[in-house]
Every structure is written in structure tokens, then in C-alpha cells.
Amino acid sequence: MRPPGGPDRATVARASAGDPAAIEEVLRLVRPFALRYCRARMTTVLPGVTAEDLAQQVCIGVLGALPRYEDRGLPFLALVHRIAVHEVGDAYRAAARSPVLADLVPDRPDRAAGPEEQALVHDDVARLRPALDRLSPTAREVLVLRVALGLSADETAAVVGSTPGAVRAMQHRSLNALRRHAEETGIAPGTADIARR
């Protein structure tokens, strides 16, 4: 699946100048990217916070940044990415400081849990976590942008401030490390298939 495309430079320029139709178009194009990014980065459930909430916060951040935005040759999604990284980080920091509210914790187990496949994938992802944690923050970010969001090597390079060749090499090394870990720990072949992309 191709990632949602960012707004073109002319639309961003009009939005920065305050054109309401252009602002609406920018937010329409940015929201799917923000939502997919937030879903990919929310590896644990945060009390009272959803990926949709964070994507909305990203859109609010983009709206606030538009009047000051200067096109410096980077794709507009690079700005959106920076805002999304900040919002996800803030959500995790806030969750770490806040006690879990009693009414958010159910009295009984939820019998309406997702299908068995979802549980198995979650378990496999949890078993991949040690290998993911050994990757550098940039390598993890490259995997999120390339694998979860489907950005091209050129788009990912522009977002993380690297070159397409370096992005491809980092992705290759990181996926090989995940594949080796998956094979060593006996993780289901379907989960390890991510490393073959």
C-alpha cells in the first residue's frame, strides 16, 4: 500500500498565507500520514489516549506551524514527522507521570478480545522487542517509515535527513538483525516475513 501523499508545495504556500481551502487540503492530506505513524509508534496502550487522538494533536501542531513554515527544499511530511515524533513522545512521557485511573481498569477480563491471530502477532512482536531495542533510534525510525508507513527510500531519507542509499543499507541491516532474532527465538514465519520486505 502506498503511503498517503503529502501536500504539494503550492498548496502548502497558500496554506501558510492563510488560504482556508488550502489549509483544509493540507490537513486532509496530513491526517492519514499522522494516523498511520501514531498507530505504528503506539506499541503499548496508553490510558485514555488513542492513535486517533495523537493524530488530531499532530494536525493541530501542523495548523499552528503553517504560518511560520518556510520551504527549505524538504518535503512537507518532514515537518509532519517531527511534530508526530514530538506528540507520541509527549503522550508516553505523560503516561509515565500519570497514575492509571481506576475507572479505566475493568473489573473483569474483557471476553470480547480480538481474534486469535491478533494475539499471536502481538506475542511475536513482543518477542521481537529485544531485537528492536538493540537497533539505533534512527534505524527503528527508518523501519517505521519504510515498513509501517510504506515511504520510499527517497521519502524516508528526506524525513530522517539521510541519503536513500544509507536508508536502504540501514533497513537491510536492521531487517537482517530482526530475521536472525526471529529464527533464533522460533518466532512464527509470518512475523519474520516482515524482514524479507
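Modeller: Before we start, contact, or touching, means heavy atoms within 4.5 Å. This is a predicted model, in which local features need pLDDT of at least 70 and side-chain atom pairs count only at pLDDT 80 or more, while totals for chains, interfaces and linings use all residues. Residues are numbered from 1 along each chain as its sequence is written, and side-chain values use heavy atoms, with hydrogens and water left out.

Colleague: Thanks! How many helices and how many strands does the chain have?

Modeller: Helices (H or I, at least four residues) and strands (E, at least two) are DSSP runs, numbered from the N terminus. Read along the sequence, the pattern is α-α-α-α-α-α-α-α-α. The count is therefore nine helices and zero strands.

Colleague: What percentage of the 197 residues counts as buried?

Modeller: Buried means under 20% relative accessible area, exposed over 50%, and partly exposed in between (1.4 Å probe, protein chains only). By that rule, the buried part of the 197 residues is 37%.

Colleague: Which residues does valine 80 touch?

Modeller: Valine 80 is one of the core members that touch the most others. Leaving out residues up to four places away in sequence, valine 80 touches Val30, Phe33, Val58 and Val62.

Colleague: Now helix 8: what is its reach from first C-alpha to last?

Modeller: Helix 8 spans residues 164-185, which is 22 residues. The expected span is 1.5 Å times one less than the number of residues.

Colleague: How wide an arc do the buried residues of helix 8 cover?

Modeller: The buried ones are Val167, Met170, Gln171, Ser174, Leu175, Leu178, Arg179, His181 and Ala182. On the other side of helix 8, His172, Arg173, Glu183 and Glu184 are exposed.

Colleague: At what angle do helix 6 and helix 8 pack?

Modeller: Axes are lines fitted to C-alpha atoms, for helices over the stretch in contact, and angles run from 0 to 180 degrees between N-to-C directions. Thr138, Ala139, Val142, Leu143, Arg146 and Val147 in helix 6 meet Val167, Met170, Gln171, Ser174, Leu175 and Leu178 in helix 8. The axes are 9 Å apart, and the angle is about 95°.

Colleague: And what is the arrangement of helix 7 and helix 8?

Modeller: Helix 7 (residues 153-160) packs on helix 8 at about 100°, with the axes 8 Å apart. Angles under 35 degrees count as roughly parallel, over 145 as roughly antiparallel, 65 to 115 as roughly perpendicular and the rest as oblique. So helix 7 and helix 8 are roughly perpendicular.

Colleague: Is alanine 148 buried, exposed or partly exposed?

Modeller: Alanine 148 sits in helix 6. Setting aside neighbours within four places in sequence, alanine 148 contacts Arg36, Ala40 and Leu143. Because its relative accessibility is 33%, alanine 148 counts as partly exposed.

Conventions
Core = buried A, V, L, I, M, F, W, Y, C linked by side-chain atoms within 4.5 Å.
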